[in-house]
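Morning, everyone. I have one protein to show, and I will keep to how its parts meet.

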Amino acid sequence: MPTQDEVYEKVQAALVDALGVDDDEVTPEATMVGDLGAESIDFLDIVFKLEKAFDIQIPREELFPEDILTNSEYVKDGKVTEDGLVELKKRMSWADLSKFEKNPRVQDFGDLLTVNDLCSYVNSKVGA
């Protein structure tokens, strides 16, 4: 079982490789989209690299619950509803959603995920 430092180092290496960014840009607080410039296609590469590095399976809907963000039961007027936030928290217990909760605009969801969140997710999968 890897330590938290080992998880961070492997996540950092995967992001540097997938996104073409420098090591020092991949900080725990860096957002995947806003700071590191990840796009949809990059996430496929990141998931592949993490699965390989940690010998885990990452179901797409587990990391990116798009079904919640596109469901009219959970989204009204471009914002995630209270019920939607409850469902996101349940599915993404490893992510810090506190900033998103203050203004849960669907279009801002992509800027939510940080390197630290990604490490927390991997830790939850490998039991670190």
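I will go through the domains, then the interface, then one database annotation.

This is a predicted model, where local features need pLDDT of at least 70 and side-chain atom pairs count only at pLDDT 80 or more, while totals for chains, interfaces and linings use all residues. Residues are numbered from 1 along each chain as its sequence is written, and side-chain values use heavy atoms, with hydrogens and water left out.

The domain assignment gives domain 1 as 1-58 + 113-127 and domain 2 as 64-112; such bounds come from an automatic or database assignment. The C-alpha centres of domain 1 and domain 2 are 21 Å apart.

Now the interface. In domain 1, 10 residues are in contact with 8 residues of domain 2, contact meaning heavy atoms within 4.5 Å. Together the two domains bury about 790 Å², with 64% of it on carbon and sulfur atoms. Buried area is the accessible area (1.4 Å probe) that two parts lose on being put together, summed over both.

How many salt bridges are there between domain 1 and domain 2? The count is 0, a salt bridge being a side-chain nitrogen of Lys or Arg within 4 Å of a carboxyl oxygen of Asp or Glu.

On the side of domain 1 that touches domain 2, helix H2 (40-54) and helix H7 (115-126) each supply at least two residues. H7 gives the largest share, 3 residues. Helices here are DSSP runs (H or I, at least four residues), numbered from the N terminus.

Last, the unreviewed UniProt entry annotates residues 5-82 as "domain: Carrier"; such annotations may be inferred rather than shown by experiment.
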